[in-house]
Amino acid sequence: MSNTITTTIPGYKEGTWTIDPTHSEVGFSIRHLMISKVKGKFEKFNATFVTAPNPLDSTVTASAEVVSVNTNEPNRDAHLRTGDFFDAEKYPTIDFVSTGVREVNGEFLVDGMLTMKGVTRPVTFDFDFGGFGGDPYGNYKAGATAKAEVKREDFGLTYNAALETGGVLLGETVTITLELQAVLQQD
């Protein structure tokens, strides 16, 4: 038996929601040269959210196409698609399936299994709910930001290079940031 949510969510509706890709982004960042962060995103992705009568029983499934990785540097993007990193030919998608939603001190956490490069590991996203509202075209929408940190080596992304000045080319932790807008599907 699941817990019951203890807060009211204004505008909450049950149903199936699909991601609005023109108003959403699947991004990531990683420490580079030990002095700054490099950001990237996946241009092609999809997600489905099913909101239940009890919000804590809601589910999420999502997928990003590896070949759509974009860091604004074509050579780096091509390298990220190789076996040194994502191995897009063998593992064309990065997938997430939720296993539960929790409320902790008024904040929502979405637990799930993330599969990247053929490796599946548990991940928890901090879920910052933006709210609900109608758009000018009669669609009912929901918005949120979700963040998680993963250790890339846990997913077989072990490529790195030593720097002449000491340290390594790439950091250990990748921050995944999702800017989400979803639309409620009409019956």
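Which strand does Lys 147 lie in? The close-ups below get to that and to the charged pairs. This is a predicted model, so local features need pLDDT of at least 70 and side-chain atom pairs count only at pLDDT 80 or more, while totals for chains, interfaces and linings use all residues. Residues are numbered from 1 along each chain as its sequence is written, and side-chain values use heavy atoms, with hydrogens and water left out.

**View 1. Lys 147 and the positive patch.** Lys 147 sits in strand β10, residues 140–151 (strands are DSSP runs of E, at least two residues, numbered from the N terminus). Together with Arg 31, Lys 37 and Lys 39, Lys 147 makes up a positive surface patch. Patch members have over 30% relative accessible area and no salt bridge, and like charges are joined within 9 Å; the charge is placed at NZ of Lys or CZ of Arg. Lys 147 comes out as partly exposed, at 44% relative accessibility (buried is under 20%, exposed over 50%, partly exposed in between, with a 1.4 Å probe and protein chains only).

**View 2. Arg 102 meets Asp 111.** Here's one of the six salt bridges in the structure (a side-chain nitrogen of Lys or Arg within 4 Å of a carboxyl oxygen of Asp or Glu). The closest N and O atoms of Arg 102 and Asp 111 are 2.7 Å apart. Arg 102 is partly exposed at 34%, whereas Asp 111 is buried at 16%.

**View 3. Glu 172 and Lys 151 across two strands.** These two side chains pair up in a salt bridge, 3.0 Å from N to O. Glu 172 belongs to strand β11 (residues 170–184) and Lys 151 to strand β10, so the pair ties together parts that are 21 residues apart in sequence. Both ends are partly exposed: Glu 172 has 47% relative accessibility, and Lys 151 has 39%.

**View 4. A network around Asp 135 and Lys 141.** Salt bridges that share partners link Asp 20, Asp 135 and Lys 141 into one network. Within that group, Asp 135 and Lys 141 meet at 3.7 Å, N to O. Asp 135 is buried at 17% relative accessibility, and Lys 141 is buried too, at 11%.

**View 5. Ser 29 and its contacts.** Ser 29 is part of strand β2, residues 25–32, and counts as buried at 11% relative accessibility. Setting aside neighbours within four places in sequence, Ser 29 is in contact with Lys 37, Val 38, Lys 39, Thr 173, Val 174 and Thr 175 (contact means heavy atoms within 4.5 Å). Lys 37 and Lys 39 also turn up in the positive patch of View 1.

Technical notes
Patches are made of residues with over 30% relative accessible area and no salt bridge: like charges are joined within 9 Å, nonpolar side chains (Val, Leu, Ile, Met, Phe, Trp, Tyr) within 5 Å. Accessible areas come from the Shrake-Rupley method with a 1.4 Å probe; for residues, only the protein chains shown count as cover. Lys and Arg count as positive and Asp and Glu as negative; His and the chain ends are not counted. Helices (H or I, at least four residues) and strands (E, at least two) are DSSP runs, numbered from the N terminus.
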